[in-house]
Structures are given as C-alpha cells and as structure tokens.
Amino acid sequence: MSNEQIPKVQLAAVSDDASGFTIKEIPVVQPDQLEPGRALVKILYSGVCHTDLHVIKEDWPAKPERPCIAGHEGSGIIVAINDPTSKLKIGDRVGVKWIAHSCNQCDYCLAGNEPLCAEAKCSGINAQGSFQQYCPAYTSQLTIIPDNLDMAEAAPILCAGVTVYKALKRSGARAGQWVAIPGAGGGLGSVAIQYAKYMGLSSIAIDSGAEKKALTAKLGASAWVDFKEHPGDAIIAAVKAATPDGLGPHAAVIASPKPEAYLTAMEYIRPFGTVVAVGLPPAGAYVKADVFFTVLHNKTLTSSYVGNRLDCNEALAIAAAGHVKTPIKVVPFKALDSVYEEMAKGTIIGRAVLDLFA
Ligand code: 8ID
Ligand code: ZN
C-alpha cells in the first residue's frame, strides 16, 4: 500500500470511437483493487507518438478495445503495487511503454522478442496507456528510469528512443557508414539522428521545411534532403548524392508515418544496403522493391518493432549519459487535441510531451 494520498478520481483521455477522445474524470484504481502483477503508476509526463493517433483513428489493421486510453511514452512514479515477486517498489521511477505486458516465459520472450509474445498487450489497444494520471500498469513490462534522467526527457525514449535504437542495430550499419532517416524531424527521427551519431554513423535527414532542416542539423545530421523539393522518384538521386561517393546510404531507417517513404528507399540504398521498415502508415501501404535489382545488388529489407526490455534500458542509459536528448515541447494534458491536429498536419518539430498534472 502507498504512503501517498491516492485520489479517488483522475483525469484521463478516454476514446469511445474513432472520432476522437474526451479528457474526463474517471475512477482511480485503488491499491486494494489492483490486480496481481500490477502497479499503480502516477504518470508525470507522456510523449505523444504518431502511433497514438493511428490507434485512435483506427487506421491500422489492429483496432483498439473501446473505450481506450492511449499513450505509451509515460514516465511516472509507482504509488502502489500488488506484486510480491517483483523487485519494483513504491517510489520507483518507471516508464509505461507500448508493450504493456508480456508473459516473459514463452520462446519469444525468452529470446528477447517480447513484442512477439502471443500474450503481449499494447497500451491503447488492449491495455490502458499513459494518457491518464494514474495508470494501473503491468509490472511485467515496467521499465526503471535512470535517476539522472529528467522525467519529461525520458518519456519519448520509452517508445521513439528504444524503437530507433533497435532499428539502427537491426540495420547492421557500422561506424563510418551512412544511414538515411525519412521522418527525421519527427519524434522517432529526431532521436534516430542522435543514436546514429552515437553509433558512429553519418545520417541523411529526410523531411521537409526550414525548421526541421535546422533541427536535424543541430542534432547532428550530416546531410539534408527535403522530400517535398524532390517529389516521387526524384528523391532517389538526391539521397544518393548526399553520400560522399554518390552510391547512397548503407541503410535506411524509415521513420515516416506516410507510405510514400516506402516507395523509394530500396532504390536509394547502396548495393548490399538494408532498409529497416519502422514507420507504420495506415493499412494498405506497401514497400516497393524491384526484384531484379534487389537480388543483383544484394539488398535487404527488414523491419523493427519497438524493442525488448534490455533495448529500452540501453536506450535510456545512452540518454542518461547525455548522448541523446529528445527535442521536446512540454504542453499541458488538455493540449492533447491540438497536438494530434498538428501531428496530422506534420507540423510538430521533434516530440510533444504532455504534463499530466498541468
Ligand atoms: O515499433 C515500431 N515500428 C514503431 C514504434 C513507434 C512508432 C513505429 N512507429 C511509427 C508510428 O506509428 C508512425 O507511423 O513510426 C511512425 C512515425 O512516428 P512519429 O515519429 O511519432 O511521427 P511524427 O512525430 O509525426 O513524425 C513523422 C515525421 O515524418 C515526416 C513528417 O514531416 C514528420 O516530421 N514525413 C511525412 I508526414 N512524410 C514523409 C516522407 N514522405 C516524411 N518524412 C520523409 N518522407
Ligand atoms: Zn510510439
């Protein structure tokens, strides 16, 4: 049980259907109501990921159970816990992630592929997420946040950070090589540039507009390609030309939520290069890959889906050591609607983070 005075009601962003959500008062799960294997987390901050928008709008094949509470970059404090087998305790600084629960005993979990666990639950789909002040989280996937990492800055690492860190590892690109990052000015892309730099890679930031160009340069990108200035296949030559030898990047980590980014990447990577599919456009998107040249140029198409608990700990440790700093804009909880609006227009620079108690 908790020492903290736990309120009976809280504010939560509750979505009943694809038309949107309402921030309203709902009951707080009290300590004596917590199911076994759960902790009550007082959410201080939550990043808003484009995934939350896909979930609310139901534009993916995976549909949320309604009413749904989205949010999966939640940083907070454990205020109550019902799990005697867990090392977690009241007062711990923890993160609520996209993978809200995994069995941790099946072959996938044992091999560190928890996102593929048949019993996995996802925040906003079939588990409550972090767009609420007190989240009844599964202890199986709570992540400890390092003491020296600011809680608002930690929030986006819990999804954007771990996802691109894992994707860069899966790309196989090594120090000294080049990686293209479509979506570089958004939540995932802006941290991808920094993890890439930390891993010794040079990055080509692909996005649009002067503000995102300036941000990506500040974060350490070595080159910039504005996708709106190079529509359609014109971007292929522009991306290749951004590498010193003109052969194109060794890898591309696609962090764009739009399908267009998937139509050219297999062409602009260099022979033996790898495209890592990460961004998740609405249902019906396809990767374009010419079979003849994919084979003759020995190209690889792979994918990366968030990361496991260890990937997340590593991503947080790299941020805590000062190598990655998410460009965040902290806004009050009630601004969620306008964040979604801006996100849909593609005008958010970096990541918006909600202050749940502002
Ligand atoms: O595990 C995963 N694979 C995973 C984890 C987390 C998020 C996948 N995602 C998915 C999200 O569901 C979403 O589809 O990654 C995608 C990007 O999420 P985000 O970074 O949270 O989105 P954002 O902050 O809105 O940034 C997107 C950026 O893409 C640019 C926009 O200008 C924006 O800066 N962009 C667009 I729209 N079209 C582009 C294009 N054709 C583009 N950049 C390059 N080329
Ligand atoms: Zn996310």
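**Pocket, zinc site and helix contacts**

Colleague: How much space lies in the second largest pocket?

Modeller: This is a predicted model, and in it the second largest pocket holds about 150 Å³ of space.

Colleague: And which residues line the second largest pocket?

Modeller: The lining is made up of Lys240, Met266, Glu267, Ile269, Pro271, Ala289, Asp290, Phe293, Thr294, His297 and Lys299. By class, these residues divide into five nonpolar, two polar and four charged.

Colleague: Switching to the metal, what coordinates the zinc ion, ligand 2?

Modeller: The zinc ion (ligand 2) is coordinated by Cys49 through SG, His72 through NE2 and Cys159 through SG, at 2.0 to 2.3 Å. Along the sequence these donor residues follow the spacing C-x22-H-x86-C.

Colleague: Where do Cys49 and His72 lie?

Modeller: Cys49 lies in the loop between β3 (38–47) and α1, while His72 lies in the loop between α1 and β4 (74–82), so the pair ties together parts that are 23 residues apart in sequence.

Colleague: On to helix packing, how do α1 and α11 cross?

Modeller: The axes of α1 (residues 50–57) and α11 (residues 336–345) come within 10 Å and cross at roughly 100°, and the two helices are therefore roughly perpendicular to each other.

Colleague: Which residues meet there?

Modeller: From α1 there are His50, Asp52, Leu53 and Ile56, and these meet Tyr340, Met343 and Ala344 of α11. Sorted by class, the contact of α1 with α11 has five nonpolar residues, one polar and one charged.

Colleague: And α4 against α10, what is the angle there?

Modeller: Helix α4 (residues 160–171) and helix α10 (residues 309–320) have axes that cross at roughly 105° and come within 9 Å, which makes α4 roughly perpendicular to α10.

Colleague: Which residues make that contact?

Modeller: On the α4 side they are Gly161, Val162, Tyr165, Lys166 and Lys169, and on the α10 side they are Asp311, Cys312, Glu314, Ala315 and Ile318. In terms of class, the contact of α4 with α10 has five nonpolar, one polar and four charged residues.

Technical notes. Residues numbered from 1 in each chain as written. Chains lettered and ligands numbered in written order. Predicted model: local features only at pLDDT ≥ 70, side-chain atom pairs only at ≥ 80, totals over all residues. Heavy atoms only, no water. 1 Å grid on protein atoms, 1.4 Å probe; cavity = no way out; pocket = protein on both sides within 12 Å on 5 of 7 lines; lining within 4 Å. Points joined across faces, edges and corners; volume = space filled by probe spheres on them. Nonpolar A, V, L, I, M, F, W, Y, C, P; charged D, E, K, R; others polar. Axes fitted to C-alpha atoms, helices over the stretch in contact; angles between N-to-C directions. Helix = DSSP H or I, 4+ residues; strand = E, 2+ residues; numbered from the N terminus. Parallel < 35°, antiparallel > 145°, perpendicular 65-115°, else oblique. Contact = heavy atoms within 4.5 Å. Donors = N, O, S within 2.8 Å, 3.2 Å for Na, K, Ca; no water.
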